Amino acid sequence: MPLFSNVIRLPALDVAGRRVFLRADLNAPLSGFGGVIDDTLLRAALPTIRALLAADAKVVIGAHYGSEGAVAPRAAQHAVARRLSELLGQSVLTLSTSFDDEVALLRGRDVALTPNLLELPEELANDAAFAQRVARHFDVHVNDDVRASSHRWASLDALPRALSVRGVGAILGADLDALELLSERDIERPFAAVVGGDSIVSKSKLLWVLLERADALLLGGALANACLKAQGASIGASACDAQEQQTARALLDGARERGVQIYLPQDVLVMDPAVGLASLERRLVADVRPADVLVDVALETCLLYADVLARSASVLYTGLLGTCAATELQSGTFRVAQAATTARSSMAFGDRTVRMLELLNLVAGFGIVSRSGTAAAPLMSGTVLPGIESARSYAP
C-alpha cells in the first residue's frame, strides 16, 4: 500500500464554499526596505490558493515570515501580502494576533494572512486549547508547507486534528506522490541518483536511503569534495572538516558493502577567490593545486555522468554540482541535469534544485518535480513527520 494513501489530496477535498485554513510556506527573502526579493515560494503557493478560490472558499493562510531577511515580522507580513495581492490580482488582507475572531468578518473568496505564527507562544507549544479555539472558525485544514511539517506546531498538528476535513495542497501532494514512487522497491532499474550540495553531513540521511534503492550515485559539489578527500585526493583550499571526511568514508564503505557504484568528478573548474571569475581554470582532479578552490564539475565529468544517466531507466536529481553563484559556474549543473531528463522516469528534488532548474529552463524535462529537501530522506525511510501524520484522514 502506498505510504500516503490516506492523505487526501486537494482535488478530492470538499472545500466548496467552506472556510479553509491553509498552512503555506511564504517565508520569502525580504529586503531591508520591506520588499520581497524572491517571490518563488509565493508563486509556488498560487495553484493551491487559486484552486480554493475557484471553489468559492474563504482562505486564511497561516505562515511565518521574516527569517529570510532583516524585517520585523509585522512588516514582513504586509510585504508578503502586497506581493501576493499582485500575483493573485486581488486584495490579500492581513490579520492581527486575534485572527481567529477576525475570520468571521471575512467573506467567500477572501484571502487573508495570519500574523507570523512563530510569534505566538501557543503555536510553538502546540497548544490544544488554542487549536480548538481557532478550529471553531474553520471547516477544512489544508497543509501545503513541506518544510514546516517536521515541526509539531499547533497549525500543523493540533489544529488539523481538531477538524474532520483535512488534507494537503498542490505542493505537498506532488511531494508525497514523488516520495511514494521513490519508496517503491520495484522502481524501474537501473536507478541512478545525482546528488550535489554544500554539505555531505546535511545530506547524509538522504544518501543512506538512496544506498538502499539506487544502483549508482553521481556526486558533485561539497559532497564530492568530501569523498575525494576521504580517498586521499587533493581538493586544494576547498573547505572540508573532519566530520565531513568521516561521513564520506562511511558512505563510501556503505556503497562498497551494498554494491552501489559511486561516481566522483574526474575534472573540475577551480578558481582563486581573491581574483574571481577571471581565474577560472579546468584541472584534472589529480592536478588540483593547494591554492585551488573547486567551484564546479568540468567537461569530462559531465560526459561520464551523462553516459551513466543514458543507461539508467530512472533518475533522481537533487542538489547543485557547483556553486552556481554566476553563469560561468552553472555549466556542470546544467549539463548533468539536461542528461537526467533523458531517462524514462526522471525526478527533481529539493527547493534550491528546482529553483536552479527553473532558471536553466530544464524543469519541464523532469516527469516529477518535488520541492522536498530535508523532508525527503526521513519520509522515504519511514520517519513520522507531524505535519504529514496530522493530515491523514484517520489517526495512524
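Modeller: Start at one pair: alanine 216 has glutamine 261 in β9 as its bridge partner. The model is predicted, so local features need pLDDT of at least 70, side-chain atom pairs count only at pLDDT 80 or more, and totals for chains, interfaces and linings use all residues. Residues are numbered from 1 along each chain as its sequence is written, and side-chain values use heavy atoms, with hydrogens and water left out.

Strand β8 covers residues 216-219 and runs parallel to β9, joined by three bridges. Two strands pair here if DSSP finds at least two bridges between them. Strands (E, at least two residues) and helices (H or I, at least four) are DSSP runs, numbered from the N terminus. Strands of a sheet pair through backbone hydrogen bonds, either parallel or antiparallel.

Angles run from 0 to 180 degrees between N-to-C directions, and axes are lines fitted to C-alpha atoms, for helices over the stretch in contact.

Follow the chain out of α13. Glycine 365 sits in the loop between α13 and β15. Its relative accessible area is 34%, so glycine 365 is partly exposed. The scale is simple: buried means under 20% relative accessible area, exposed over 50%, partly exposed in between, with a 1.4 Å probe and protein chains only. Leaving aside residues up to four places away in sequence, glycine 365 touches Thr341 and Ser346. Its C-alpha atom is 9.9 Å from that of alanine 339, which is 26 residues apart from it along the chain.

Aspartate 198 and arginine 352 meet through their side chains at 3.8 Å, N to O. The pair links distant parts of the chain, 154 residues apart: arginine 352 belongs to helix α13, while aspartate 198 lies in the loop between β7 (191-195) and α8 (204-211). Both aspartate 198 and arginine 352 are exposed.

The buried ones are Ser204, Leu206, Leu207, Val209, Leu210 and Leu211.

Next, two helices. The axes of α9 (residues 221-230) and α10 (residues 242-258) come within 8 Å and cross at roughly 80°. α9 is therefore roughly perpendicular to α10. For that label, 65 to 115 degrees is the range; under 35 degrees counts as roughly parallel, over 145 as roughly antiparallel, and the rest as oblique. From α9, Ala226, Cys227, Lys229 and Ala230 meet Glu244, Gln245, Ala248, Arg249, Leu251 and Leu252 of α10.

There is also an open sheet of three strands, antiparallel in pairing, with the order β11-β10-β12. β11 (281-284) and β12 (293-297) form the edges; each has a single partner strand, so one side of each is left without a neighbour in the sheet. Neighbouring strands here are turned by 45° against each other on average, direction ignored. Strand β10 (residues 267-271) pairs with β11 over four bridges, in the antiparallel sense. There, leucine 269 stands opposite arginine 282 of β11. Helix α11 (residues 299-310) lies across β10, β11 and β12, at about 145° to β10.

Definitions and conventions: Contact = heavy atoms within 4.5 Å. Salt bridge = Lys/Arg side-chain N within 4 Å of Asp/Glu carboxyl O.
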